[in-house]
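Let's walk through this model together, one region at a time.

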Amino acid sequence: MGRGEFAIIGTGEVPCGNYPERSEFEMAYRVAKMAIEDSGIDKNEIGAVLAAGHIMSNPGCDYNTEMYFGRLPEAIGAKGCKIAASTISGGASSFSIMKTAEGILHSGETDTVLVVHAQRFSQFTTNEQAKFFAIAGSDLEWEVPYGMTYNALAAMVTQAYMNETGTTLEQVASVCVSDRKWACLQPNAMFNNKEITVEKVISSRTIAYPLTSLMCNVLADGGSAFIVTTAEKARKVCDKPVYFLGEASEFSHRLITRAKERDFGKWGAGFTPVFEKAYEAAGLGPDDMDIYQIYGSYPCIALMVMDAMGICEPGTAGELFERGDTWPGAKYPTSTNGEALSFGHTGTGCGFALLVETVRQLQGKAGKAQVPGARFAVKDCGGGAFMDIHATVLGNEIPG
Amino acid sequence: MSDDKVSIKDLLGLSDEDVAKPLPIPTDWSQPFWEGTKQHKLLMKKCANCGNIDHPPYLFCTDCMAEEHEWIEASGKGTLYSYAINSFGVPFPFWDDMPYVLAIIDLDEGPRVISNIVECDLERLENGMRLQVVFDDVTPEVTLPKWKPAG
């Protein structure tokens with residue numbers, strides 16, 4: 001990708017939470033319309049419709065099949081559509097689907113791509129969800145027979161990270177506090193009506209020691225969409241396009257036991273080169289960023305990613321969160337939509353939610369959560385059992 | 001499970017199938033591992049070409065992609081790298097086991113495994129503690145290796 005070669009020109013999003021009556025397709029349909037209207041383009045300019053699949057299959061009404069067989073371009077009447085496809089890589093989907101979009105734009109087949117995500121967990125029972133998330137990031141042969149769960153996976157990572165870096169449980173809880181502060185400024189966030197304290201996070205019910213319930217994300221229903229185009233077209237049709245300035249990735253493992261970096265306390269240092277590469281591609285540095293959008297899904301992962309973003313020494317991100325440096329109005333606005341912990345975890349959608357929020361911020365459309373004058377932001381996402389990391393630097397201008 | 005607890009099965013009126021523990025379904029290339037555990041032996045797949053020990057085993061060596069290999073018996077000794085205590089929100093089959101310990105264990109031979117720590121007071125758990133394997137015959141056909149404090 002060349003620097004600033006592609007840009008997002010419009011976004012759409014429905015509220016995240018418990019909406020069992022709202023089908024995935026309805027969400028995808030609504031957010032697509034919002035994104036088209038927000039971008040100001042004619043729907044017939046759309047040449048490709050890309051969907052991130054639902055992470056948990058639903059045989060009764062197969063949204064995934066609907067999407068890769070083109071129900072959305074038909075429903076919105078996208079008369080210029082040439083390509084309908086799906087891309088999925090769990091929590092990393094927002095990044096991999098952008099790579100797909102970039103490839104299509106590069107091919108010259110079209111200059112306008114609609115990307116959508118929708119997810120509805122509430123159609124499943126609590127036990128179905130528990131079962132799915134026991135096996136989703138785990139191995140059926142080597143982990144599931146031991147009663148492995150996603151929460152336990154994150155708990156083991158947290159336990160080792162705390163042990164190796166000296167990070168306290170209070171500092172881990174500070175991530176949840178920061179996320180909730182931002183969510184309270186977000187109309188679409190699942191938990192947006194009451195702030196929480198470190199004491200409340202720590203004293204909530206233990207789920208998987210050392211993690212308490214408020215340190216575990218909540219599965220939710222939600223969806224979002226965006227329109228991505230070439231920079232050339234973006235400048236013609238949009239007042240404030242948001243450019244992709246730099247990107248970088250690293251894959252580590254499927255099973256946590258096979259992580260390339262065996263010391264979890266060093267994961268932040270291990271992610272650092274990925275962010276350095278993305279900053280370098282953008283021609284910017286960590287201090288140039290106005291917003292730090294972290295997809296952690298669990299507070300400890302957020303600490304590891306913050307360790308890598310270049311504004312603190314690896315292993316010390318807990319201090320930064322504990323001081324409140326990541327809060328609204330503070331020096332390092334972080335995860336401004338409240339992230340999985342407070343916005344809600346929409347499976348493949350957490351990265352999408354952070355991406356559309358980043359675009360809103362850089363377009364000056366973020367409402368009460370707006371970071372004044374935000375020009376540049378760095379964002380990550382990753383999937384599986386913390387299998388990979390993808391860094392993206394975005395900006396509403398291409399730095400000279 | 002202690003006597004004063006009501007089982008999740010009775011509490012919610014679940015079927016045997018709802019609470020049946022998931023068992024490993026071996027692949028062709030992992031079958032020797034599970035045959036080993038049945039005989040209370042912890043076997044590891046060692047590449048005959050480059051000597052890499054793979055766990056979990058794959059069809060080809062994850063280092064050099066050679067298929068030729070041998071199975072070596074591991075010492076059954078290891079070190080606790082990290083742990084979690086599952087206390088709520090687990091799938092039904094594990095509900096009555098709560099609280100139970102999941103752990104990442106570094107085997108002396110190099111590979112890492114996920115397993116349960118058993119026969120250990122929760123207060124005694126400590127990163128770096130020495131562990132030894134124990135074999136849990138969960139069915140007549142399937143034996144899971146688990147770990148307890150050494151010595």
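A:Asp263 is found in the loop between strand S8 (242–251) and H10 of chain A; helices (H or I, at least four residues) and strands (E, at least two) are DSSP runs, numbered from the N terminus. With 14 C-beta neighbours inside 10 Å, A:Asp263 counts as partly exposed. The scale behind that word calls a residue buried if 20 or more other C-beta atoms lie within 10 Å of its own, exposed if 12 or fewer, and partly exposed in between, with C-beta atoms placed from the backbone. The C-alpha atoms of A:Asp263 and A:Ala155 are separated by 15 Å, and the two residues are 108 residues apart along the chain.

A word on conventions: this is a predicted model, in which local features need pLDDT of at least 70 and side-chain atom pairs count only at pLDDT 80 or more, while totals for chains, interfaces and linings use all residues. Residues are numbered from 1 along each chain as its sequence is written, and chains are lettered from A and ligands numbered from 1 in the order in which they are written.

Now follow chain A into H10. A:Ala278 sits in this helix and counts as buried, because 23 C-beta neighbours lie inside 10 Å. Not counting residues up to four places away in sequence, A:Ala278 touches A:Gly246, A:Glu247, A:Ala248, A:Ala391, A:Thr392 and A:Val393; contact here asks that two C-beta atoms, placed from the backbone, lie within 7 Å. A:Leu245 is 33 residues from A:Ala278 in sequence, with 8.0 Å from C-alpha to C-alpha.

How do H10 and H11 of chain A cross? The axes of H10 (residues 267–282) and H11 (residues 299–308) of chain A come within 7 Å and cross at roughly 50 degrees. That makes H10(A) oblique to H11(A). Axes are lines fitted to C-alpha atoms, for helices over the stretch in contact, and angles run from 0 to 180 degrees between N-to-C directions. Angles under 35 degrees count as roughly parallel, over 145 as roughly antiparallel, 65 to 115 as roughly perpendicular and the rest as oblique. Residues of H10(A), including A:Trp267, A:Phe271 and A:Phe275, meet A:Met304, A:Val305, A:Asp307 and A:Ala308 in H11(A). This contact of H10(A) with H11(A) divides into eight nonpolar, two polar and one charged residue, where Ala, Val, Leu, Ile, Met, Phe, Trp, Tyr, Cys and Pro count as nonpolar, Asp, Glu, Lys and Arg as charged, and the others, Gly among them, as polar.

Another helix pair in chain A is H4 (residues 93–107) and H14 (residues 350–362), whose axes come within 7 Å and cross at roughly 70 degrees. H4(A) and H14(A) are therefore roughly perpendicular to each other. Here A:Ser93, A:Ser94 and A:Phe95 in H4(A) meet A:Gly351, A:Phe352 and A:Leu355 in H14(A), a contact with three nonpolar, three polar and no charged residues.

Most residues other than glycine have a negative phi, and most peptide bonds are trans. A:Phe386, in the loop between strand S10 (376–381) and strand S11 (388–395) of chain A, has a positive phi of about 55 degrees although it is not a glycine. A:Phe386 is buried, with 24 other C-beta atoms within 10 Å. In chain B, B:Glu119 also has a positive phi of about 55 degrees, but B:Glu119 counts as exposed, with 9 C-beta neighbours inside 10 Å. A cis peptide bond joins A:Tyr209 and A:Pro210, with omega about 10 degrees, and one joins B:His55 and B:Pro56, with omega about -5 degrees.

Chain B has three helices and eight strands, in the order α-α-β-β-β-β-α-β-β-β-β. Its assignment gives domain 1 (24–73) and domain 2 (75–151), with bounds that come from an automatic or database domain assignment. The contact between the chains takes 32 residues from chain B and 29 residues from chain A. S4(B) gives the most to the side of chain B that touches chain A, with six residues. By class, that side has 21 nonpolar, eight polar and three charged residues.
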